[in-house]
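I opened this notebook to keep track of what I looked up in one structure. The entries follow the order in which I checked things.

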Amino acid sequence: MAYTMTPTPAGPVGSQYCVCKVELSICGQNLLDRDVTSKSDPFCVLFMEVNGKWVELDRTETAVNNLNPAFAKKFIIDYHFEEVQKLKFALFDQDKSSTQLYEHDFLGEFSCTLGTIVSSKKITRTLLLGNGKPAGKGMITIAAQELSDNRVITLSMAGRKLDKKDLFGKSDPFLEFYKPGDDGKWMLVHRTEVIKYTLDPVWKPFTVPLVSLCDGDMEKLIKVICYDYDSDGGHDFIGEFQTSVARLCEAQDASPLELECINPKKQKKKKNYKNSGIIIVKSCKITRDFSFLDYILGGCQLMFTVGIDFTASNGNPQEPSSLHYINPLGTNEYLSAIWAVGQIIQDYDS
């Protein structure tokens with residue numbers, strides 16, 4: 001049996017602002033054997049419904065001579081909680097080198113929403129033929145995993161014996177953290193608060209996404225610059241150093257990490273120059289900032305409860321102007337609202 005749908009070229013699907021990306025792993029079990037002298041050579045095609053039409057998003061590799069394939073190619077898809085994302089997984093037996101699906105034997109398909117998959121984390125379902133009947137004993141297993149680096153780094157920093165920059169008082173130090181940009185220039189990531197009138201500041205602990213600080217690369221160099229704050233914006237440079245997150249992670253509550261704050265100009269001029277003070281990493285902790293999808297994949301259920309206030313202020317339900325209008329067509333404003341929300345939540349409520 002040939003599959004008659006011609007694939008539509010894949011393009012941007014959904015809104016450009018996605019919550020996160022989900023990786024879908026596909027396995028098949030007991031697929032139909034369409035080859036005479038050997039077993040089927042299956043591959044899987046992923047479709048998404050867009051404006052009422054199935055649009056092809058991606059394909060796996062072909063598993064040669066295998067009725068129980070575990071595909072190495074993963075499907076990466078943008079996950080939007082607020083949308084009903086209808087997916088279809090269709091399996092084919094590759095017979096020719098053609099990219100046209102009607103050139104290959106159809107082995108069965110399964111349709112569901114992305115919400116159904118992520119709410120279960122892993123599902124196994126029966127494959128169906130075009131007539132709605134089971135494709136023999138064929139089954140498909142789909143597993144979902146979030147693709148994102150949601151680690152955050154929390155740093156507790158202090159300084160000791162920083163250079164005095166103010167004529168009539170002590171410095172007002174603050175720190176700036178930089179990472180290398182794609183253009184090779186340093187890009188500001190975080191700025192601490194200013195600590196007034198001290199050469200031994202203790203800054204409040206702060207948390208930033210690890211991706212923001214070092215693109216998730218623990219070994220990537222980052223630069224830390226210490227300034228003396230001036231209200232006119234002409235902050236005085238105290239010193240700087242380069243390090244990495246891996247190095248910062250050496251700091252523990254009982255064993256802080258000390259890094260020399262260096263002023264290159266002073267270092268060149270003065271032979272006995274040591275440093276412009278010490279920056280102390282009191283503690284460095286990396287944790288996960290769990291996303292909404294983490295909770296869903298972890299088994300969190302959303303309870304969908306509807307309460308309707310039949311208040312007289314909505315007017316006579318026999319009149320079309322009432323939100324409670326008893327419409328001969330079977331719908332009103334309240335039903336539309338319940339349907340819109342319930343259609344999304346149903347995938348996450350057992």
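**Entry 1: model and domains.** I note at the start that I am working with a predicted model. I looked up the domain division and found domain 1 at 20-147, domain 2 at 151-288 and domain 3 at 302-346. I then took the centres of domain 1 and domain 3 over C-alpha atoms and got a separation of 38 Å. Domain 1 and domain 3 do have a contact, to which domain 1 gives 4 residues and domain 3 gives 4 residues.

**Entry 2: salt bridges, whole structure.** How many salt bridges does a search of the whole structure find? I got 13. I followed up some of the pairs one by one.

**Entry 3: D163 and K266.** I found a salt bridge between the side chains of D163 and K266, with an N to O distance of 2.8 Å. D163 sits in the loop between β9 (151-160) and β10 (173-180), K266 sits in helix α4 (residues 264-269), and the pair links distant parts of the chain, 103 residues apart. I also looked up accessibility for both partners. D163 counts as buried because its relative accessibility is 14%, under the 20% limit. K266 comes out at 25% and therefore counts as partly exposed.

**Entry 4: E176 and R191.** I recorded a salt bridge here with 2.7 Å between the closest N and O atoms. Is E176 buried or exposed? I read a relative accessibility of 6%, so E176 is buried.

Entry 5: The closest N and O atoms of the salt bridge between K179 and D215 are 2.7 Å apart. I placed D215 in the loop between α2 (210-214) and β13 (221-228), and K179 in strand β10, so the pair joins parts that lie 36 residues apart in sequence. K179 is buried, at a relative accessible area of 9%, while D215 is partly exposed at 39%. I also noted that K220 belongs with K179 and D215 in a network of salt bridges.

**Entry 6: cavity.** I searched for cavities of 30 Å³ or more and the count was 1. The volume of the largest cavity is about 60 Å³. Which residues of its lining are closest to its centre? I listed F81, E83, G115, D347 and Y348, out of 13 lining residues. The elements that give two or more residues to this lining are α1 (114-120) and α6 (333-345). I sorted the lining of the largest cavity by residue class and got 6 nonpolar, 5 polar and 2 charged.

Entry 7: I located K53 in strand β3 (residues 53-59). K53 counts as exposed because its relative accessibility is 61%, and the limit for exposed is over 50%. How many Å separate the C-alpha atoms of K53 and R160? I got 65 Å for this pair, whose members are 107 residues apart along the chain.

Methods:
Residues numbered from 1 in each chain as written. Predicted model: local features only at pLDDT ≥ 70, side-chain atom pairs only at ≥ 80, totals over all residues. Heavy atoms only, no water. Salt bridge = Lys/Arg side-chain N within 4 Å of Asp/Glu carboxyl O. Helix = DSSP H or I, 4+ residues; strand = E, 2+ residues; numbered from the N terminus. Buried < 20%, exposed > 50% of the residue type's maximum accessible area, 1.4 Å probe, protein only. 1 Å grid on protein atoms, 1.4 Å probe; cavity = no way out; pocket = protein on both sides within 12 Å on 5 of 7 lines; lining within 4 Å. Points joined across faces, edges and corners; volume = space filled by probe spheres on them. Nonpolar A, V, L, I, M, F, W, Y, C, P; charged D, E, K, R; others polar. Domains from an automatic or database assignment. Contact = heavy atoms within 4.5 Å.
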